[in-house]
Amino acid sequence: MKRLLFILALFCASNISFAQNKSFQLSGTLLSEEDNSPLESATIYLERVKDSTLVTYTISDKNGHFYIEEKTSDTHLNLYVSYVGYLTHVEKIAINSEEIVLPPIILKPNTNQLDEIIIKSRAPITIKKDTLEFNAKSFKTKKDANVEDLLKQLPGVEVDADGKITVNGKPVNKILVNGKPFFGDDPTITTRNLSKDIIEKVQVTDTKTKSEAFSGEEGDKDNKTINLTISEDKNKGVFGRVAAGGGTDERYEYAGMINVFDNERRISVLAGGNNTNSPGFSLGEIQKMFGNGRSMTMNSSGSFSIDGRSFGMGEGIVTSNTVGANYADEFGKGFDVNADYFYSGSNSENETATQRENILPDSRYFTNSVSKSDNNNDTQSVNMGFDIELDSTFLINIKPSFVYNKSKTNFSSSEESLNEFNELTNKSISSSFVESTGKNVKNNLDITKRFGNRGAFFRFGMTNEFNDSDSDDFLKSETNTFGDNPTELIRDQFTNGAKNLNSFFSSLTYRLPLVSEKLFLDFKYSLRDDKREDRKSTFDFDENTLGYTLFNEELSTDFIYKNKRITPGMAMRYEQEKWSVSVNAGYVFRTLENQDLLRPELSLTRDFEALEFGGYFNMRFNPKTSLYTGYSKNNTPPQLSQLQPFVDVSDPLNTVTGNPDLEPSNNHSIYLGFNSYDFQKGTGFYSYANLNFVENDVISKTSIDENLIKNTTYTNVDGNYRIDLSLSYSKKVKIDSLRNVKFSLGAYGNMSKNINFNNEVKYASLNTSVTPNARITFTWNDVLEIAPYYNVAISKTRFDIDTFEDQNFLRHSAGLKTATFLPKKFEWRNDIKYIYNPDVAPGFQNSSWFWNASLAYSVLKDTGIVTFKVYDLLNQNTNAQRTATADYIQDSQSTVLQQYFMLSFSWKFNSLGKKANSNDGNMFMIID
């Protein structure tokens, strides 16, 4: 009761304080002293006089005008105007009326004379030519905040539950620390494990390679890079965190990370492990410690790939261990080195049940299957980077990498097919044990030479890759077909497999400036030469020798694939201050060759030629609004496995035969994007549309016999297309200096036409889907956060033949996230999610509540945290899902992590330099 009364008293007191705030409007115009021209993209911000606390900020428009609307209880505020290349204007203004109109503010150029004392900028936002820079100190976060918490406070930056970051609607695919990689290209290792306290600036740019940045080229307009700068006084010392926990059902987790920073030298080591389906190296964030917090996809080895890197995860219940180290240093001027090592091991167990309704033009049949897998996977990887700047015009980039993988998998399954009268037609059972090893060595080399100061350069690039994998596969299976002519096929086999890749790619680029730093003509040439060897030797079990000694030629293969591509091309680019346009074209000469060493008569060689071209246009109307659009046409040849006329009978229920007469596909893509963010109003609008249509698309063509056995080949079709559209709008309403509400609305939709064959009948399906979503986030600093959300997925499929029924599906998802920070030192979080899927088949769970909760208490002067958490409080976790395509509807359900309770402890340590002086401001003091 006392705590409740305390909270009510605090609420009343804070509201009385807020009631004393008075509203005001401040406006003015910025002009240059040199020519009296308006200054666009200057940062205008207000600070409290007594403690320099940031009150609000805005950006000037193209006319140099700015407008601020705010509330304050102060009688005076300090006004700062910051603009790149000019001395900062500072004045104290009186808040004595509701509307304050300032006389024109004249900014003086910064001549950067030796008698100036320059103090670092503390403007909350600085807009440079192609860089958006945020001052970390200007954005308040909770105590013990990490970089991800900081990013969530920055205007125009969104971070989802998986840790994926977008800036003004564009995804972030790289995060650097002081311009150098930190544990490779995985952003979440950086954002979830580095403390906000050590960050000075957050810089956002278009993603570029180091050679592109050196040559002054345009980067990847579709992705962003974030560079975190650390102030010098905080760039030397040791910091890190360790955590461990144990729970019910023998659940456990442990993780640790230590970082040693010594100016340009950085050494970091991490380790982690758990059996809670978590990668094991994301620690210290209470709301992230439940596992499955990141986007993961399964690869062929049974491990999970996270952001392009394998961390040994798997489906079902996973036990994983991870160890990693990162090193970065600068050996003299112009010689940067970075390297990282990772080991990941996992064991995963999973069981899956599936029910599928298969749709034929004149009938339907049903397939039921269950499977069980047990996978062990170990991966070690080393990545290195050497950047050597011989002089201001010559750069060499070298990036070698090494990967070693070893896995063992036990797999068993059973499957049955029934006709439309529910009569058993075929049945199969199988079990296998596969042991495999893989080695990969890769090296990238870029050499860039600049000429003069007009933008000319020459670049040579080369990539070599060698990949070797070996596997031993033991298989036992039994396949039965019923009906008038029943059959039985029993296999007891051993297959030794070996795959080798030798890949070489090189490119030449020369940029000729036609108009200095504005109009460029690029000459390009590239060569790719890939050679793949794929051998599978299958042996049947011999009852006489009691060994696998009977060579099975029908199930064995020995192929050599060769893919050679030569592409000469040209590109032209024109740049202006606010817009740029580029066009490019290349002519492709490609040779595909397949040698079948077991069946020489099936060997083939195909030559292809094609014109590829494209272009884009980017327009930045002002610092708040931009538009971009583009078009590309790419030629894609059929895969050799689709071309070769080899009959693959490895699956008794699905025979696959290639088609040597396939033609290459032409892929046309048109996109349009529009972004707008108003820093003062806190509103953001982002939209993106893409149209992709394909000529000569390669699709599979399947026929099914009376025993429901499939025979698949490939063919070309015209008319396939896909349209994607996404929209989002957000607005942040500031109630007062401590409370705000953010509203977010969005929708994603797509429409696609797919031409297919079903039992020799050609048909088209039109698929449309839309997923609107809404979220409201209420934040009361240091008190509570509440964020309810809702989305619904609606999909429809229409067919152009009467024998197929149109399909409609609906899926609802709603949730509530809360965080309470009272009483002091406590942090109570809840994540509640409800899913309702009314269309799943009987026998599968169609709805579930999923509730995670945690209660944390800070100890040891806030360096330690004791956390009690509950995973799946209501014990309803499920992953039942329905999948619909043109020719089947499938319901599936597999093993999921069940409810557990856990008590954990984490401790952080930090010996970095003293905090920077709070007055490290943005002022330039001139000494006469």
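This report describes aromatic pairs and charge-over-ring contacts in a predicted model.

Local features need pLDDT of at least 70 and side-chain atom pairs count only at pLDDT 80 or more, while totals for chains, interfaces and linings use all residues. Residues are numbered from 1 along each chain as its sequence is written, and side-chain values use heavy atoms, with hydrogens and water left out.

**Aromatic pairs**

Rings of Phe, Tyr and Trp (its six-membered ring) pair if their centres lie within 6.5 Å; planes under 30 degrees apart count as stacked, over 60 as edge-to-face and the rest as tilted. Across the whole structure, 28 aromatic pairs are found. One of them is the stacked pair of Y45 and Y80, with 5.1 Å centre to centre and 10 degrees between the planes. Y45 belongs to strand β2 (residues 43-48) and Y80 to strand β5 (residues 76-82), so this pair ties together parts 35 residues apart in sequence. Strands (E, at least two residues) are DSSP runs, numbered from the N terminus.

Buried means under 20% relative accessible area, exposed over 50%, and partly exposed in between (1.4 Å probe, protein chains only). Y45 is buried at 0%, and Y80 is buried at 4%. W907 and F909 form a tilted pair, with ring centres 5.1 Å apart and planes at 35 degrees; W907 is partly exposed at 36%. One aromatic cluster is formed by F474, F494, F541 and Y548.

**Charges over rings**

A charge sits over a ring if NZ of Lys or CZ of Arg is within 6 Å of the ring centre and within 35 degrees of the ring normal.

| Charged residue | Ring | Distance to ring centre |
|---|---|---|
| R511 | F520 | 4.7 Å |
| R739 | W780 | 5.5 Å |

Technical notes
Helices (H or I, at least four residues) and strands (E, at least two) are DSSP runs, numbered from the N terminus.
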